[in-house]
Amino acid sequence: MYQLLKQILVTGIKTEAPPVADDALRVTTQRLEQAMLKTLGRALVIRHIDAGSCNGCELEIHALGNPYYNLEALGIRFAASPRHADLLLVTGPVASNMVVALQRAYEATPAPKLVVAVGDCGCNTGNCAGNSGGIFGESYASRGKVANVIPVDVAVPGCPPTPLALMQGILTAISGK
Amino acid sequence: MRFLDQNLEFTRLPGALESFHANADETQLSAFAAAVKQTGGRFVALWGSDERKRNSNAGGYAVHVAFGIAEGLALVTLPMHAENPEYPDLSEIFPAANRLQRTCFDLLGIRARGGDQRPWLRHANWPADYFPLRRDVDGARQFEAHNEDYAFVRVEGDGVHEIPVGPIHAGIIEPGHFRFSIVGEKVLRLEQRLGWTHKGIEKRFEQLPLAEAHKLAGRVSGDSTVAFAWAYCLAAESLAACTPPPRALWLRALLLERERVANHLGDLGALGNDAALSFGLAQFLRLKEDWLRLSGELFGHRFMMDAIVPGGVARDLPGGASEKIARQCNAIEREVRILKNIYDEHAGLQDRFLTTGRLNPALASALSISGLAGRASSQAWDLRTQFPITPYDQLDVRIATHRNGDVAARVTLRFEEVFESLRLTRIILTQLLENKSTEYFAPLPAAPDGAFGLGWIEGWRGDVLVALEAGPAGSIRRCHCHDSSTRTWPALEHAVMGNIVPDFPLINKSFNLSYSGQDL
C-alpha cells in the first residue's frame, strides 16, 4: 500500500487543458436548446459503438480516459447502454453486419440523440474526403460512412483522430449557440 | 525438397522468409496435415482462391493451408474443379480450421467435406449464394440488412439459462456476440458469434495497386498496424525481388517493438482495472500516452501507421531521436518495475488473476495457439527466434514462456515482454547509430503477373500472416491476411468454462484478441 500511495503522490496531477469547441466540425444544424444545455451542463453520457472499425479509433477513445485528457473531469463519461446515453460516438465504416445493431442502438437512445461520427472511414472527410468508408470504401460488406445509416451531427476526421480532436468533436456536439 | 517423409515436393519461395510451397491432391493434403500434427508442428492458416480463367487446365478453385514446421512455413495448395469444389475437412486434425473453412465457403463457395457447416462471416446481410471473392463478382452490390437467426448450441438441463452479450458490448471495445450458458454464476459453455466487423478487406485488396495496399494491410487490425504492414511488405518484397536497405530493417524492428510495448502497457493497465485496481489503469495509461506521444513526434503517427512501406520505411529517425528513445526506455522501465512490484504484492489483484481463465498447455497445443496466449500456456512459438528475418537474426530475442495458462501467466508474460522489448530497443538504437548509411528505402520493382509471396511477422499479440499474389500491371490478384486472433478466439471459449460470469471481462482482456483482425 505504501508503494501504491507513494506512486500516486510522485505522479501528481497530469491533466491538461481541454480543447475548445470547433463549429467547423459540425455537419448538421441540430443545436441543443439553450434551456436543455443549462440543464445538461456538461454532464454528458456517451455510448461508444464500433460499427466496423479497424480498432484504431478505439485506441484513441480509450486514451480519452487517461490522466492527460481525463474526460471524466469534464463531466463526460461512457455508459454501457444507449438508453442511458445523450450521445453516440460511432466509429466505422459501418459494416453490413452491424447495420441492424447500429440502427437499434440509435432507436434506443433518448432524444436529442446526438451522434458523433469518428475517423476518416466513419465520416467521409479528412484524408479520405469524398471516399465514404475511408480506405475500406463501400461494398457488399461495408455501408461506408456512418451518415449513410443514421443521422450524424458532428464528424471528427483522422486515422485515427487524436484524443484532442475527439474531445473537440464531443465538446462541439454539446456546444449551443 | 520434402518434409516429414511425405510424398510432397516443396519449392522454396523467394525472399527473406523461410517459406515453402507445394501443390497437393486431397490424400496428400490430409496426410501432410496429419504428419504435421504428429510431429508437433502447427496449423497456421487456411484460405481459398478463385483460379478460374487463369488457365484452362487448372481453372477452378484452390484451398491453401499454411503449416508451421521445423523448417519454416509450409504452404500446401489443393486445386479443385470449378464444378462442386470440395476439399477434405481438416478440422478433425486441427480444430482451428473450423471457422476458416466456414469463412472460405462464405466468401468463395468452396466447401469442406464434413465438419461444421454453419456460416461464419456471412450473417443475414448478403444471400447464401453470393460469393464476394469470386472473380465474376465485383463485390459492390449492397443487400438489405437483416437480423440473423444463428444456430447456437443449446445447453439443456435443470437451472441452465443463457446470457446473450453483444454485438455491441458494454465497454469501449469491438463488436462480437457471446452466448453464455450458465448455472448460477458458473459458466458451463460459451459460444462466440463473430464476423460483425467484416468489411470486405480481401475483396478491397483486389481493387488497390500492389504498391499502395500496405495501407489497407495496416488497417486489418489497428492495434497491430506495424506487424501487418511489415508482413504485407515482406510478401510484396519477396514476390518483386526487392531487398530493403539494412537501415530500413532495423527501423522496422524498432517500430515493431514499440508497438509491442504500447499495447502491453495498455493491457497491463486494463487488466488491473478489470480486477478493480483503477490505480493500475491510470498509471499504465499515463505511461502508454507518453510512449504514443514520442511515437507521434518521431514517426509522424501515434500508432506508427503507414510508417512501413514496400521497399523500406517512410522516413528516417529525426535528429536527436536516439537519445529521446533511450531516455524514455529508461524512464518507462523504472516505472514499470515499480508497478510490477505493486501488482505482485497486491493480494486482491493476485487473487483475481491466479487460476482464473486457465488454458492448459495440451489444449493450447491442440487448438494451434501461438503468440502471447500460447507462450503463457507453454507454446514456445515466437517467430523472432524461430525463423528470424533480418534484423532479428542478429538480436537473440529471449522469449518468455509460462505454463500455468491463467490470467496471471498472461499478465506476467506481458511484463517480461515489455522489459525484453526495451532491451531489444536499446540494441537496435546502437545498431542504428553504428549504421552510417542514410538509405532507408529501395524502390519496389514491378512484380510479374502471378508472382506469389508470403509475409509472417511476430506482432505483439501473435503471428500475423499475409499471402499476396500479384496480378497484371501492378495490381493484386489475391491477398489474404491472417491474425493469430482467428485461432485464439476458440481458446477463450475453453478458458472461460467453469469460471464465474463476472470474471469473463478479465479473462477476455487477458487474451485481448482482435475482432477486426478475424472478421476482415
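Biologist: What distance separates the centres of domain 1 of chain B and domain 3 of chain B?

Modeller: This is a predicted model, in which local features need pLDDT of at least 70, side-chain atom pairs count only at pLDDT 80 or more, and totals for chains, interfaces and linings use all residues. Residues are numbered from 1 along each chain as its sequence is written, chains are lettered from A in the order in which they are written, and side-chain values use heavy atoms, without hydrogens and water. Chain B is assigned domain 1 (1-151), domain 2 (160-193) and domain 3 (201-512), with bounds that come from an automatic or database domain assignment. Taken over C-alpha atoms, the centres of domain 1 of chain B and domain 3 of chain B are separated by 26 Å.

Biologist: How much area do domain 1 of chain B and domain 3 of chain B bury between them?

Modeller: Buried area is the accessible area (1.4 Å probe) that two parts lose on being put together, summed over both. Carbon and sulfur atoms carry 62% of the area between domain 1 of chain B and domain 3 of chain B, and the total is about 2900 Å².

Biologist: Which residue forms a salt bridge with R42(B)?

Modeller: A salt bridge requires a side-chain nitrogen of Lys or Arg within 4 Å of a carboxyl oxygen of Asp or Glu, and the count between domain 1 of chain B and domain 3 of chain B is 2. In the bridge of R42(B), the closest N and O atoms are 3.3 Å apart, and the partner is D463(B).

Biologist: Which three residues of chain A supply 19% of the area that chain A buries against chain B?

Modeller: With contact taken as heavy atoms within 4.5 Å, 53 residues of chain A meet 64 residues of chain B. The two chains bury about 4600 Å² between them, 60% of it on carbon and sulfur atoms. The three residues that supply 19% of the area on the chain A side, more than any other three, are N97(A), I135(A) and Y140(A).

Biologist: Which residue of chain B forms a salt bridge with E16(A)?

Modeller: Across the interface of chain A and chain B, the rule finds 2 salt bridges. For the bridge made by E16(A), the closest N and O atoms lie 2.9 Å apart, and the partner is R293(B).
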